[in-house]
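Dear colleague,

Please find below the structure that I am handing over to you. I would ask you to keep it open while you read the notes that follow.

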Amino acid sequence: MTRVLVVEDDPQLVRALVINLQARHYGVDAAPDGATALRLAAARQPDVVLLDLGLPDMDGVDVIKALRGWSRVPIMVLSARRASDEKVGALDAGADDYVTKPFSMDELLARLRAAVRRTEDTPLVPELTLVRTADFSIDLLAKKAVRAGRDVRLTPTEWHLLEILVTNPGRLITQKHLLQEVWGVSQRNKTNYLRVYMAQLRRKLETDPSHPRYLITEPGMGYRFEE
Ligand code: CA
């Protein structure tokens, strides 16, 4: 049974989540504040954590930082805050994904399944070397991209960027993380670099670069590779 830890101080939302999750055969624990969440996370070893950022006793981001000190459990942030800064802060602290309130239960459950699946699929040593989509394939070992039967030439920078995205399928990767990894810490505010290079990658890989199907922009946040 997949165990979910729900960290949320709104009793009505907790009730709705518990009912929906239990109906789908998840085991559920609920914590109304950060301190309880950390205690239950250690005691119950959940498979995934749903975390509200606005908690009565501590900031949700601090809960993430504390959890990440000893756990790799997937963390999905539930955020009423529209400000993307706070979501980015949560992702940079180690959250895996976020859902903005109010959310549809179907969307939340789909994201939750994806987060759990990712940890099940991800071996500690990455073995993923070949990524195939309906439109192109990427051989990470040979550093070769093929679209419609033809080799696609990519620059080293384009490769580096693409590699990070395709080895984290479905996962939102923040702008800061990508800039830091590809260009270095000193360049982590140069979001224009990302726009330029992502546009190049889309021109080379997407069938319709202006309506990308694989290399998705999350405005103000980052990018996501959808298989
Ligand atoms: Ca709250």
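Which residue in strand 12 does Leu 215 stand opposite? Leu 215 stands opposite Phe 225. Strands, like helices, are DSSP runs numbered from the N terminus (E, at least two residues, for strands; H or I, at least four, for helices).

Two remarks on the source come before the rest. This is a predicted model, in which local features need pLDDT of at least 70 and side-chain atom pairs count only at pLDDT 80 or more, while totals for chains, interfaces and linings use all residues. Residues are numbered from 1 along each chain as its sequence is written, and side-chain values use heavy atoms, with hydrogens and water left out.

Two strands are said to pair if DSSP finds at least two bridges between them. Strand 11 and strand 12 (residues 222–225) pair over four bridges, and strand 10 and strand 12 pair over three bridges. Two further residues that face strand 12 are Glu 218, which stands opposite Gly 222, and Ile 173, which stands opposite Tyr 223.

Strands 11 and 12 form a hairpin with three residues between them. In its turn, Gly 220 has a positive phi of about 75 degrees.

The calcium ion and Asp 52

Which protein atoms are the donors of the calcium ion? They are Asp 9 (OD), Asp 52 (OD) and Gly 54 (O), lying 2.2 to 2.4 Å from the ion. Donors are N, O and S atoms within 2.8 Å of the metal (3.2 Å for Na, K and Ca); water is not among the atoms, so sites may look incomplete. Along the chain, the donors follow the spacing D-x42-D-x1-G.

Asp 52 is found in strand 3 (residues 48–52). Asp 52 counts as buried because its relative accessible area is 6%, whereas Gly 54, at 32%, counts as partly exposed. The cut-offs are under 20% relative accessible area for buried, over 50% for exposed, and in between for partly exposed (1.4 Å probe, protein chains only). Beyond residues up to four places away in sequence, Asp 52 touches Val 7, Glu 8, Asp 9, Gly 60, Leu 78 and Lys 101. An unreviewed UniProt entry lists Asp 52 for "modified residue: 4-aspartylphosphate". UniProt positions are given in the numbering used here, feature names are shortened, and annotations may be inferred rather than shown by experiment.

Asp 96 lies between helix 4 (84–93) and strand 5 (97–100) and is buried, with a relative accessible area of 10%. Its side chain makes a polar contact of 3.0 Å with the side chain of Arg 68. A polar contact is a pair of N or O atoms within 3.5 Å; within protein, one must be able to donate a hydrogen and the other to accept it, and residues adjacent in sequence count only if both atoms are side-chain atoms.

Pro 32 is found between strand 2 (27–31) and helix 2 (34–44), and is partly exposed at 43%. Among the residues that Pro 32 touches is Asp 9, one of the calcium donors.

Is Thr 207 buried or exposed? At 58% relative accessibility, Thr 207 counts as exposed. Thr 207 lies in the loop between helix 8 (191–205) and strand 11, and a polar contact of 3.4 Å joins its side chain to that of Asp 135.

Yours sincerely

Conventions. Contact = heavy atoms within 4.5 Å.
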